[in-house]
Every structure is written in C-alpha cells, then in structure tokens.
Amino acid sequence: MGVDDDVPMDDKAKRMRDLLSSFYTPDPNSTSVPPNASSRFATLDTINTTSFDPDQYMNLLVQKSNLEGLLQRHVEMAAEIKNLDTDLQMLVYENYNKFVSATDTIKRMKNNIVGMETNMEQLLEKIMSVQSKSDGVNTSLFEKREHIEKLHRTRNLLRKVQFIYDLPARLAKCIKSEAYADAVKYYTGAMPIFKAYGDSSFQDCKRASEEAIAVVTTNLQGKVFSDTESIQARAEAVMLLKQLNFPVDNLKVQLFEKLEQFLVDLHLESKEIPHTSADQGNLPESATSAAHEASIREFSEAVRAYRVIFHDSEQQLSRLTRNLPKMHFEAIQQHIKKQLASSDLVAMLRIIWTDVLLMDGVLPEAGLRDFTMEAAHVAIKQYVASRFSHLLLDISGAVVKVGNQMEGIEEENSLQATLEAGKKAVVQGSMDVLQDFRQLLAENLELLSKLRDLVVHWVQEGFQDFFRKLNDHFLLLSGKKYPAGQDLNFREGIQGDKVLPGLVLVLAQLSVFVEQNAIPRITEVRVAFVPADICRTFRAAGEKFLQHYINMRTQKISVVLNKRFTTPNWVKHKEPREVHMFVDLLLQELDSIFKEVKGILPEGLKRKHRRTDSSGSTTSSRSNPLRDDRMVRSNTQKARSQLLESHLAKLFKQKMEIFTKVEHTQESVITTIVKLCLKSLQEFVRLQTFNRSGFQQIQLDIHFLKTTLKDTADDEAAVDFLLDEVIVAAAERCLDPIPLEPSILDRLTQAKLAKTREQGPTS
C-alpha cells in the first residue's frame, strides 16, 4: 500500500514541477539536459531544468553537504514549495477570471450579431438599385456632356486667341502703369504660342509684343541701376529680367564696377577728414563726419542690395569690402609720415571702426573685424615708431639749425641758444610724445582697447630704441661715427665733414643733460624701459664728446704751433725785439675756447693748485737755475753747468700729476686744453735746434705766456711746470743756451702788455 500511495504523490509533484518550469522558463530547450548526460556534469542547479533527476540530485547533495546543511536545505526547499503552491494558486485564479470574462464577451457578441445578415442583404439590394439608375443617367446624358466639353475647349481656345490679339495693348497698359511683373507674366504666358504660330497667324502680334517687351526690359534695367529704388524693387527687376532670358551677368558686372567706383570716391573723401578735424572748427568737422557717415551708409545699402539681388556674390563682396579699411589705413600711413597728431589718429580710427561695424552687419562673411584689427596693429605700431622718428628729427633740427647759424653771430650766445634748444627739444618733445600716447590709450575705443597692452610694449621699446638712436645721431653730428644705412634726413644741415667744435661741446653737455635730467624725468611717468643702460651710454657719450672737443681744439692750436716752429730757421734766428705774433694767435684761440666753454659748461669748485718743491718753496726747482744771477754771465761753460744742475734738480723735485680726468666743468676743460697745448709746444721745441737768439725768443714768449695764463687755468702749478719744461727743452736743443736778463724780459713783456691794452679798446 505504501508503494501505491507514493506513486500518485510523485506524479502530482512531477506535474506541478512541469507547470512551474513551463511558466518560469522562457526557452525550455536552452536549459534542458539530455537524460543520458554523464553524472559528472550534474550540479545542484539542475533542479530547475526539465531533465531533473532527484536520485542524482540527492546523491550529489549528500556528498557535498553535512547534516546541518541538509537540514538547512530541507527548510529552504519546504519554504520554496510553499511559495510555489501559493503562486500557482494565484495563477489559476487569474486565468479562471479571464476565462469567465471571455465567455461573457462571446455570449454578448452572439446576441448582437443576430439580424445583421438580413440588414446587409437589404443594403446590397439598395446599392445595386442606385448603380443601375446611375448607369441609366450616364447613358442618357453622354452625348450632351461630350458636346458641352467640346464647346468648353473651343471657348478656351478662343480666349487664348483673344489674349494673343490683346497682348500688345495689355503690355502697353502695363508699361504705362509700371506693372512690369504683369507684363512679364503675360509675355511669358504667350511665348509657347508665339514659338508655334508666331511666324504665321500671329506675326503682327508677336512683333508688337516684342517691341513692348523691349521697352519693359529697358525700364527694368534702369530700375536696377537706380539708387532711388528700394532693394526689393531692384531685386524684383533682376528676377523679371531673368524670366525674360536677359543676360543678367552683364548687369552683375556693371553693378559691381559701380560699387568699386563708389568705394574709390569714398576713399578720396575720407582722405580729407583728418585735415578738416585739425584745421577747421567743430561745425565743419561735424558736417564732414555726417557727410562721410551718409556716404558709408549709402555704400552699405548698395552692398546689401547687391547681395540680395545676386545670391552667390558673398566672396566677391568680401574682397570688395575689405578694400574699405585697407584704403583707410593706407591714408593713415600717409598721414603718419607727415607727423599725425594722436587726436587725428584716434578720430580716423574711430571712423574706420564705425564703418567696419556697419559693414560687418551687412556682410559678416567678410571678417572685417579681424582684418581691421590686423591692419590697426600695423598702423599703430608704425605710428609709435614714426612719433619717435619725428622726435629724433626735431632734436636734430633744433641742434643743427642753431649750429649752422654760428658763423657771423656771437658764438657764445649761439652755443647757449643751441644748448637750450636741444634741452627743450629733448624734454618737451619726450613729454609731448608721452602725452600723445596717453591720449591714445585713454580713448574708449574697442579697436584700441584690444591693442592697449601691445601699445604700451611698443612705447617702452620705442623709448629704448629712441635713446640709442639719439646717441648714434649725436655721434654722427660730432663726426665720430658714420653708420651704414643712416637716414639721410639726419645729415641735413651738416656740410660734408665740417664739424664745429662748439657743436661737439654742446653735444657733450646735452648728453649729460639727457643722463641727469631727461631720463629721470621720463622714468617718473612710469615708462618701463632700462634707464641704467641708457644713462651709462650717455655718460660715456658725454665723456667721449668732451674729449673729442678737447682734441679738436688742441689739434687746431697744434697747426698754429707747427707752422710757428717749422717756418723760421732757428739756427740763424735774430735777436728778439718783442713777443712773437704767434703768441697772439695762441691767446686768441684760447680766448675763443674760454668763451665757448664758459657759455656751455657749468663752473666747478674754485681751487688753485700751486706746485711746491721739497723745501716748501712755491717756485719751481727746475726754474731756479734759470733764474739764478749766474745765468747773466757770458761764460758758456757755466751756463751749461746750470743746465746740468736743472737735470739734477729734476731727480729731487716733488712729483706732480699733470694730466687728470676731464670733468664737465669750465675749469677742468680749460685747464686740460692749456696743458695739452703747452705739452704740444714742448714737443715742437724738442724737434728744433736753436741758436742763442732763438732760445731767447722762446724764453721771451714763454715768459709772456706765464704772465697771461697764470689766472686762466685752474691748475696753476701744472701750467707753470709745463712752461718751465718748454724753456728747459729749448735750452737742451740750444747751441748756446744763454738766457735773457730778467730786466730785459720784464721790459719786453710790459711793452707787449701795454700794446695789447691799447689794441683792446680799439678792437
């Protein structure tokens, strides 16, 4: 019995398992396992497959689980079975409800369809009756309908014929009322008939219509070229001409040429804008700006009309409109070469930017903003460079102009005027340049705002480069440098290689002024360039110019000295009667130098250097033997012994520094020139051989110079030392060095001084 009871339970469980598996498995074939599959591939997951083997599952479960695991698995499987029973019960209930609802629906449909077949048969009978009656009507009216259609076709043909005969009159009315669109519509509508019968039946109508349409074509062309017509009217005229098969490309070329001429006229008009804004009042300026604004608006409307009329013209118009800012900037560059004010430059840039914004709204494909920005970049950079170039020319002109007027004018006043003009040109010119750049940067203009950082950088570089060029130009003016490729404008006013020493002295003091005053004043305005390098450059240039001036002056005096000592025969020289005239020439040259130096250079500290020997005497140890009473003796042997004593005294005298560093003061320059002249005099003396009279002439001239030069040089001791050196050199080169008596020297010197005083008031 137990076995019989177990069999039904297994069938029930199997059936339940198959139902649940079919419900939850979308594709039973994908999860099925062959019955004869090897047990080595069996797993615990096969419980959900159709080929589930309970004995194999139990054996596998017992092998893999302990007792506690089996009990736990038992509890889980009992819970799962309970859940599956509940779900199956709910599924059966739901399917039963659906089945009951479907049964009710079928009953209602069966009740509603009763009698429908009878109604459908009645409807079919009525449709057949209507169809038969309709066929009868069509048969009875067929002949009449055919006749009516034939009459209608004849009527339409007569209308077309009448339209052809009335076409010339219609076209004339359209021309009179300027209804060109209707005229074109009428004519194009009649074109097929004219092509078919225009040479036979309607020949006269065709000829009259063609004459009328020729008038229409002419009027439409005039409408296209008329500036008073609206853009839409002109575009409509072009479309009508296209419908008439008129060659519109010729119109396109002619209209574009008209735009080009318009642009040329606009460019010529814009060239006068800076002049009117600078030279006229506010009213003419506003009138000129208004006229330009009206012209550019008219040009923009013409471009807009051209673009509307010819839709494929963007590239052609882009090239044309770019010429507008291009020609504007060409005009700016021409004005920059003539020294354009910053206010005028800003006014021109404002006009250009306004024009560009207007044209950019009409033709954005042209990219006028970027194109204008690039052109403005080049123009403003050129303006900055040109401003510094004109400043350099102004400084050069101020120096050279006054320098060229030195001849025939009081030289001291002329040099002072040149120096003051140069200082004013440097400082005031630099301040004006800075003011122009400030005004340029202060403008609230989009075009300038985008370039503000670049402008500041260009100004900084410009000042750096300007001072370098100014230094090179000073070297050029002084004749110290002739750089290759130098601007020819910088050489205006300089005649050949002739360089005035006074101009060199002015350049020296001007370089000091740039270093000590101009550059610090510019740096106060916060212009970021490297002032230290520039200051060192001008400091070195000032020293170089000052030394160059000293060399030029001493070289001129050396010419006088050379002529003095190479012309006479000193071996046959006559006894001296007075101070030689070359001393007057030397003193005149020194006097002119003194005036130049005092007019340009400042005064230094007043200090007189007096030479002392080892015993504290204020007289030269070298001159003592020459002033000794024994020099009056006629014994030649003793005179030569005195010369030997002077050489011995040279070994024990106090050491003296003759040539020191030249400073930018009156005393330093004058003293240096006097020292160099006396040193040159000494060297010329050493090259000659003198007799007694020649030696005495040199002694007399030097004694007079000692009297006149004692208050001239700042270093009196060095001057006195060099004068003594000249006498010693003459004594060394003399065949019979017997000096003049002091009384004779004093008498001849006083006579020369008296003669000089008499000539002074007369001159």
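Which residues touch the most other members of the largest nonpolar core? I looked this up in a predicted model, where local features need pLDDT of at least 70 and side-chain atom pairs count only at pLDDT 80 or more, while totals for chains, interfaces and linings use all residues. Residues are numbered from 1 along each chain as its sequence is written, and side-chain values use heavy atoms, with hydrogens and water left out.

**Core.** I found that Phe-467, Leu-590 and Leu-681 touch the most other members of this core, which holds 165 residues. I took a nonpolar core as a set of buried Ala, Val, Leu, Ile, Met, Phe, Trp, Tyr and Cys residues joined through side-chain atoms within 4.5 Å, and buried as under 20% relative accessible area, with exposed over 50% and partly exposed in between (1.4 Å probe, protein chains only). Helix α14 (residues 368-403) gives the largest share of the core, 15 residues; helices here are DSSP runs (H or I, at least four residues) and strands likewise (E, at least two), numbered from the N terminus.

**Aromatic pairs.** I counted rings of Phe, Tyr and Trp (its six-membered ring) as paired if their centres lie within 6.5 Å, with planes under 30 degrees apart stacked, over 60 edge-to-face and the rest tilted. The structure holds 13 such pairs. One of them joins Phe-474 and Phe-538 edge-to-face, at 6.4 Å centre to centre and 85° between the planes. This pair links distant parts of the chain, since Phe-474 lies in helix α17 (residues 452-478) and Phe-538 in helix α19 (residues 531-566), 64 residues apart. Phe-474 is buried, with a relative accessible area of 1%, and Phe-538 is buried with a value of 1%.

I then turned to Trp-570 and Phe-690, whose ring centres are 5.0 Å apart with planes at 70°, so this pair is edge-to-face. It links distant parts of the chain, 120 residues apart: Trp-570 sits in the loop between α19 and α20 (581-600), and Phe-690 in the loop between α23 (666-686) and α24 (692-709). Trp-570 is buried at 1% relative accessible area, and Phe-690 is buried at 0%.

I also noted a cluster linked by ring pairs, whose members include Tyr-383, Phe-467, Phe-474 and Phe-538.

**Helix packing.** I used axes fitted to C-alpha atoms, for helices over the stretch in contact, with angles from 0 to 180 degrees between N-to-C directions. Helix α5 (residues 116-177) packs against helix α7 (residues 203-225) at an angle of about 20°, with the axes 9 Å apart. The two are therefore roughly parallel, where angles under 35 degrees count as roughly parallel, over 145 as roughly antiparallel, 65 to 115 as roughly perpendicular and the rest as oblique. The axes of α20 and α23 come within 10 Å and cross at roughly 155°, which makes α20 roughly antiparallel to α23.
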